[in-house]
There are 4 protein chains.
Amino acid sequence: MKKEEMTLSKQENQMKEAKAGRIDRTFVNRILDGLTEQITADRRQFHKNPEVGWTEFQTAVTVSQRLKKLGFNVSEGRAVIHDASRMGVPPESTLTEAYQRAIDNGFDKKALEPFKGGFTGVVGTIVFGEGPVIALRFDMDALKIEESRSEAHLPAREGFLSSVAGIMHACGHDGHTAIGLGVAAVLSKLKPFMNAGTVKLVFQPSEEGVRGAKSMVKADIFEDVDDVLACHLIGNEAFGKIICGSNGFMATTKMDVRFSGRPSHAGSSPNAGRHAILAAASAVVNMHAIPRHEAGASRINVGTFNGGTDRNVIPEEALLKIETRGEQTEINDYMRQYALRIIKNAGEMHGVETDVTLMGEAIGGKSDESLVAVIKEVAEAMTIFDDIVGIDSHAGGSEDFSYMMSAVQAHGGKAAYFMVGAAPVGTSGVGHHTHEFDVDERALIASVQVMIETVVKRLS
Amino acid sequence: MKKEEMTLSKQENQMKEAKAGRIDRTFVNRILDGLTEQITADRRQFHKNPEVGWTEFQTAVTVSQRLKKLGFNVSEGRAVIHDASRMGVPPESTLTEAYQRAIDNGFDKKALEPFKGGFTGVVGTIVFGEGPVIALRFDMDALKIEESRSEAHLPAREGFLSSVAGIMHACGHDGHTAIGLGVAAVLSKLKPFMNAGTVKLVFQPSEEGVRGAKSMVKADIFEDVDDVLACHLIGNEAFGKIICGSNGFMATTKMDVRFSGRPSHAGSSPNAGRHAILAAASAVVNMHAIPRHEAGASRINVGTFNGGTDRNVIPEEALLKIETRGEQTEINDYMRQYALRIIKNAGEMHGVETDVTLMGEAIGGKSDESLVAVIKEVAEAMTIFDDIVGIDSHAGGSEDFSYMMSAVQAHGGKAAYFMVGAAPVGTSGVGHHTHEFDVDERALIASVQVMIETVVKRLS
Amino acid sequence: MKKEEMTLSKQENQMKEAKAGRIDRTFVNRILDGLTEQITADRRQFHKNPEVGWTEFQTAVTVSQRLKKLGFNVSEGRAVIHDASRMGVPPESTLTEAYQRAIDNGFDKKALEPFKGGFTGVVGTIVFGEGPVIALRFDMDALKIEESRSEAHLPAREGFLSSVAGIMHACGHDGHTAIGLGVAAVLSKLKPFMNAGTVKLVFQPSEEGVRGAKSMVKADIFEDVDDVLACHLIGNEAFGKIICGSNGFMATTKMDVRFSGRPSHAGSSPNAGRHAILAAASAVVNMHAIPRHEAGASRINVGTFNGGTDRNVIPEEALLKIETRGEQTEINDYMRQYALRIIKNAGEMHGVETDVTLMGEAIGGKSDESLVAVIKEVAEAMTIFDDIVGIDSHAGGSEDFSYMMSAVQAHGGKAAYFMVGAAPVGTSGVGHHTHEFDVDERALIASVQVMIETVVKRLS
Amino acid sequence: MKKEEMTLSKQENQMKEAKAGRIDRTFVNRILDGLTEQITADRRQFHKNPEVGWTEFQTAVTVSQRLKKLGFNVSEGRAVIHDASRMGVPPESTLTEAYQRAIDNGFDKKALEPFKGGFTGVVGTIVFGEGPVIALRFDMDALKIEESRSEAHLPAREGFLSSVAGIMHACGHDGHTAIGLGVAAVLSKLKPFMNAGTVKLVFQPSEEGVRGAKSMVKADIFEDVDDVLACHLIGNEAFGKIICGSNGFMATTKMDVRFSGRPSHAGSSPNAGRHAILAAASAVVNMHAIPRHEAGASRINVGTFNGGTDRNVIPEEALLKIETRGEQTEINDYMRQYALRIIKNAGEMHGVETDVTLMGEAIGGKSDESLVAVIKEVAEAMTIFDDIVGIDSHAGGSEDFSYMMSAVQAHGGKAAYFMVGAAPVGTSGVGHHTHEFDVDERALIASVQVMIETVVKRLS
């Protein structure tokens, strides 16, 4: 920390020379230089200790403790997570196991307590003065993927591979969380020079499967927010590229569907059974046959189908994992409702009961042009980016950040979601959610800088 | 009629010589010799004037007038047809048109009156004395088939082709009705020599599509019946063959299903429609996939599918003609109920309304062994049959005679259904319901004889 | 014709006063005033004698004779229609019947000859001098719709209802053809004042079902064309609205699919059949289930399904009328190929043969911005339009004009398709392809004017 | 062994008193009394050490060693198992693990050697003299079922529960193998008194899933066999019941089907994938829709369906476990061929590759009436059976003993399969293949006696 402190005092001197109330790029760059080591270390620490959605106990405690140390006012656990709005919470055993791992890893029991049961959200607030409230969102969860041990994979070479079998940060959220702590550190240092506005750093659990954001919105975190921003590292786009605003969020619904029939011997009494696989197969074909929607892109997928026990038994159970999407929320509504109707009737058709569990949901979302323009201006003024895109509308993926965007836009605020190229040096990167996913760590610093400068612009 | 009368008086003389109360084969044969011409003429008359189910106006009047002339007590129209139990009654326009044709052909309006609106059944009763009641059933309806004009086809060569475009006796019911009138004529002549029992001749409309029998049963015609018999001419089995009892009736249900959706432009607003063809197609595939029944043969068929108006319009309507069958009534029940469930849910799945109309129904049926044995004895004593089968159980077809069998068996009576080979001379015949279907007219006389001798045996 | 001539000489006088080589709006307006009666009369004449695709014998002869009279160089029949590229040609009997109707209506046999067999295209060329070649396209075919006799329907009130049962101009092509003749008349009058360029008037058969345009393109009509334009009257948009360029053409393929199985008795030998309806139904469900395309809107529709003969027969045949669409040609290609694969395999799955007939096809198309800008400038300068839209991209419909656009754009030319509001006075109009479809005849004159002024601008 | 020896010498004495060449019931009963303890002990030993199909290493060695000790001529391993005709052989790892377990349990490596790799059949032959050859078949394999530890379950109470997790004798094959060894012991004792014929004891692996019998037939074991018999203990029929001949074997085919598609992201590029679950679901629905067969009962079942990895990924793989059945071999052939056609085409329809592995197969089979009559005579003469059924034709299950029946019948021999009620004392038993399945051990002795007396009758 010594180098950092030194740098800071140098900065303070420079600042005094500058006009009061003005923070320039050079100043921010110097702060960032001093934080690079910490941000990278944080990212690697998170990478090494990945936690899946609703079990981000170690991550949340780390975030909470750091924010408090940096002088943020911190809310956490049930205060920022609305219980009934959580989706896709894993079974008790998974929660307990992850919680125990946190304890085994030496995390403080008292600090863990607020997050128990899967309330792993943290919000840190810093007030500079009167004026606009800006929220920045960082997602923290990892994926159920076994990480590659290949020497070509940086975490393997540098020794920060996942320490948990079958779980891995393969979507960059380790980086996002580290960016969030980096932003916190910078804001803390900028505090003396800021005189207006408030910044909320929102650390969200369970973005994967679009399960967590709604519960933070329903906890009323965004009621006073004027601007909300989030960023995403893109592991297979070159470092130097930035998309300043994404419009391609599809509204989506994730559902688990259970078909419960009745078993019987397939040879001697086929009519006595109620064929869960036959019902589910009929649902699969019919769901894919839902007519297209005139208003834009729609999607449906039955991603997994598991049913039956024995070849010679009319199968009693079948479980489908499905998702619908729509370019707009109304299209996803159309798809979801139609799919639900098909599921119910495909079951009844074959005397089979059906049970649908909502596992995740996101609405559509669009970045506001005016806020994207600010980000673009920031990016253009930086020297890092050589490929700057304004708004990108290619649909396909989904993000529950859309709930936060919508909540803020609903009362007249602005939202933007920007994406930063982060393909590992010398490569074109690999797809997200694959076992060799990695990011160029320079993109973390760049992202912190974009966020900070955008905040400063908005609060000046 | 002269020849007949002459023959008769000869018979009467012979009879006087014989012992009172005994009717032997020679005597019956002589009566039959005298009736051959009439029976053949009747059959050709009916063949020339075919009438589809519930429109047998000319046929019914012909039967009614003849029975009365022969001294039978005749009930007809609504007295023998229970209105609410009729199935598959054609539209008003069809009824009216056929009725008008009868008038145009010179049939007496007053005689037609009782049958108006499609109550085209006739029952003639002859009482010999105390004792058992025997019912004999004859079906009268034709089919919607355009008759062949080929010279190879006897009706063409001999000039008694159907006079009605698109309608044809292609299942031998013209012969059955002529057999019934032949039986009536013989019974009338035998009356002086019989001293016990009653015979009811039941002329049934609308056997095709199994639509008529139930309505005669529900009119309580069979409440006092001890034995019930029917016969069927088999156009593609050699003359000389008789199957004395059929057990192969499958229970069956005939249904018309309408899927009513909502049209919309397939290019600009596919989601605004409700796709009747998609719903119906899903029903088709799922109905054929109804699991087999452990207890025996089951069947399902979607025989016709007609829907939609234009290639570029989401189709509003689709109409299916379907049937289910079961080796036993319970199996058909299983199939029908499952099919109905599929129809309803295939519709709801796609937001499409469904409407099912019952068009015909028959239960399963089995001939009684003891009654079949009598027929077999009769057949064996005749010189005509060289291929005599007892009970045949090969399933496949359906017959609504099963309702009559069941009604009689329910109160302890006996039933039998025999089948007489009738392939046209020098050929192996063609399948029923095809446009060159024909029968060897000798089989008509043989059938009359089997019926008469069986009746005589049962009443002696 | 007297009034017209008088007006003309007045115009010529005025023209002499004007500067040579300059044609102003006032001049064109005056010509149009003189043609209004003729254009309206033409439209009503075509409306009264509607002819479906490839049978536009009367229409084509009328067009040909008029163009010749106006001094155009005319090509027609096989010279402008490439035989093998025609799609969805109706059966010989339909062609013969329509041809005979033309003869019966007094059309000259010799004049009809070139169009015999369904080669009902006409191209009229007028050369002003060196310079660009502009093609204007007018489609001529009617629809199989029975016209409304309601008094609310102008053709009924004014006595120009369709004289052919079951056929009607319900998509405005009567108007388009009349516009074409109006344009011809104006160009003929402008000839003395033009000194550069060539105009080709392309009268196309069989646009409905997108069957005709490709055959004109393959006849090499557009090889030397620099600009190509077409317009469409919109019966349910207010008069006064113009969309200067449509981009919403979906590529599309129209196909008739025959499933040929084998009949058998559904009760006695279901396994002996090959179930055409079962195979077709499986194809229907699977075709609608083709996965969505990432690149944009896709469509599939089974618009009609007709199969089977009797309820109790495994159906031998089923006929589907289907169409695919895609926002871009590649998307339609994806849909068509996938659908063909499904059809083939759904047949083979059930031992059923399949046969696909291409009934129509169109590619996607986009209007060129620069040419649309000219049209927009023209519209803005006119006083008629109060609702002027530039490019409209809402997808949904299809138009085989896209082949002509693509042919011209392929060698560097420009294309545009504009749409003119034409809801009948005092109404908001009814949908195209419905039995009360009608257009405000003022829109015809307005369309002629837009075309003429655009041509003049491009050739000045 | 002491008691047995003593008993034997007693029997021998009695035998000397009897007439030479005559073996009466009393004599056999006495031998059986002496063997009861051994047969029961054998059954419990096998129950405790269950081995699934093709891994019956311990069982086969036990059988082989015993037969040799009893003076049988023994063939085993590849000599009696035709490699290429084996079906459903488990993966190498399963074979190796089971083999190692046999070694760990102290079985002699040299004795195990012939069975290595899953050739776990044994045939013991005893020659009495010239004359007929009788084969008796005993199946040896267990099931993948976790045995109940309930005190209500005899093996739990008496301490002979399965020692292998997840594997259990739940279909009575432990009893069948013990019966086989009991028969061997009796035959060995009877040898001095027999003077004609040969008996082959056929110990078959892998009857479950109908995987093993064909490979023993193809090893030509039955070429010289005149009579072949097998018995099955029925755990849920009362002890005292015997069905002397079963005709209810359905021909059957067991297949594993792999659908291999191509993954892609379900949101951003659904068209780039090849949807294995969609293809498999279409196959499921269509396979269940195979039309019924006129000649008798048919069956199809998709018993398990497992596919896909993630909700948001177009699934790459799906695996179905299916079976077809037919009341006759030709019906199963029809079902199998139709199902294979559907699988192939459902795959191709969606661009998905399919791969089918034959996992088991049996043909239909019927017991010969004359041989069943002998068994019935035997059973009637015994005092144990109070419910004796001749031939039972209820279809539903399948047995690969049918291959052996067919092989013997093909050259004019006779076959019979009898079933012995074996519900545990005081209960009505539980279904086969359930975790509390058990048999009344008295039924073992009764079965040995039926077999011995039938053999003696046939060789006398």
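Which residues of α4(A) are buried? I shall open with that helix, and then move to the contacts between the chains, and finally to the interior of individual chains. Please keep in mind throughout that this is a predicted model.

Helix α4 of chain A covers residues 92-104. The buried residues of α4(A) are Ala98(A), Tyr99(A) and Ala102(A). They cover an arc of only 100° around the axis, which means that they sit on the same side of α4(A). Turned away from that buried side is a face with the exposed residues Ser93(A), Glu97(A), Gln100(A) and Asp104(A).

As to its length, α4(A) has 13 residues and reaches 18 Å from its first C-alpha to its last, close to the 18 Å expected at 1.5 Å a residue. Just after α4(A) comes Gly106(A), with a positive phi of about 90°.

After α3(C) comes Gly71(C), whose phi is positive, near 90°.

In general, two copies of a chain are related by a rotation about an axis and a shift along it. Here, chain A is superposed on chain B by a rotation of 179° with 0.1 Å of shift along the axis, and the RMSD is 0.1 Å. That is the relation of a two-fold axis. Which residue of chain A comes closest to the rotation axis? The answer is Asn345(A), whose C-alpha is at 2.4 Å.

The contact itself takes 21 residues from chain A and 21 residues from chain B. On the chain A side, α9 (276-288) and α10 (329-349) each supply at least two residues. The largest share of that side comes from α10(A), with seven residues. By class, the side of chain A that touches chain B has eight nonpolar, nine polar and four charged residues. Moreover, 100% of the interface residues of chain A are also interface residues in chain B, so the copies meet through the same surface.

Chain B also touches chain C. In this contact, 38 residues of chain B meet 38 residues of chain C. The elements of chain B that each supply at least two residues are α9 (276-288), β9 (298-307), β10 (313-314) and β11 (317-326). Of these, β9(B) gives the most, with eight residues. The side of chain B that touches chain C has 15 nonpolar, 16 polar and seven charged residues.

How does β9(B) run relative to strand β9 of chain C, parallel or antiparallel? The two strands run antiparallel and are joined by three bridges. At one point of this pairing, the bridge partner of Phe305(B) is Gly307(C), in β9(C).

Next, the interior of chain D. Five of the six residues of strand β6(D), residues 241-246, are buried, so this strand is largely enclosed by the rest of the structure. With strand β13 of chain D (residues 387-392), β6(D) pairs in the parallel sense over five bridges. There, Ser246(D) stands opposite Asp392(D). With strand β14 of chain D (residues 414-421), β6(D) pairs in the antiparallel sense over two bridges. In β14(D), Met419(D) is the bridge partner of Ile243(D).

Is Val199(A) buried or exposed? The cut-off for a buried residue is 20 or more other C-beta atoms within 10 Å. Val199(A) has 27 C-beta neighbours inside 10 Å and therefore counts as buried. Not counting residues up to four places away in sequence, Val199(A) touches Ile126(A), Ile134(A), Leu136(A), Leu187(A) and Val455(A). By contrast, the C-alpha atoms of Val199(A) and Cys231(A), 32 residues apart along the chain, are separated by 16 Å.

Methods
Residues are numbered from 1 along each chain as its sequence is written. Chains are lettered from A and ligands numbered from 1 in the order in which they are written. This is a predicted model: local features need pLDDT of at least 70, side-chain atom pairs count only at pLDDT 80 or more; totals for chains, interfaces and linings use all residues. A residue is buried if 20 or more other C-beta atoms lie within 10 Å of its own, exposed if 12 or fewer, and partly exposed in between; C-beta atoms are placed from the backbone. Helices (H or I, at least four residues) and strands (E, at least two) are DSSP runs, numbered from the N terminus. Two strands pair if DSSP finds at least two bridges between them. Two residues are in contact if their C-beta atoms, placed from the backbone, lie within 7 Å. Ala, Val, Leu, Ile, Met, Phe, Trp, Tyr, Cys and Pro count as nonpolar, Asp, Glu, Lys and Arg as charged, and the others, Gly among them, as polar. Copies are superposed by least squares on the C-alpha atoms of residues with pLDDT of at least 70 in both. The expected span of a helix is 1.5 Å times one less than its number of residues. The arc is that of the directions from the helix axis to the C-beta atoms.
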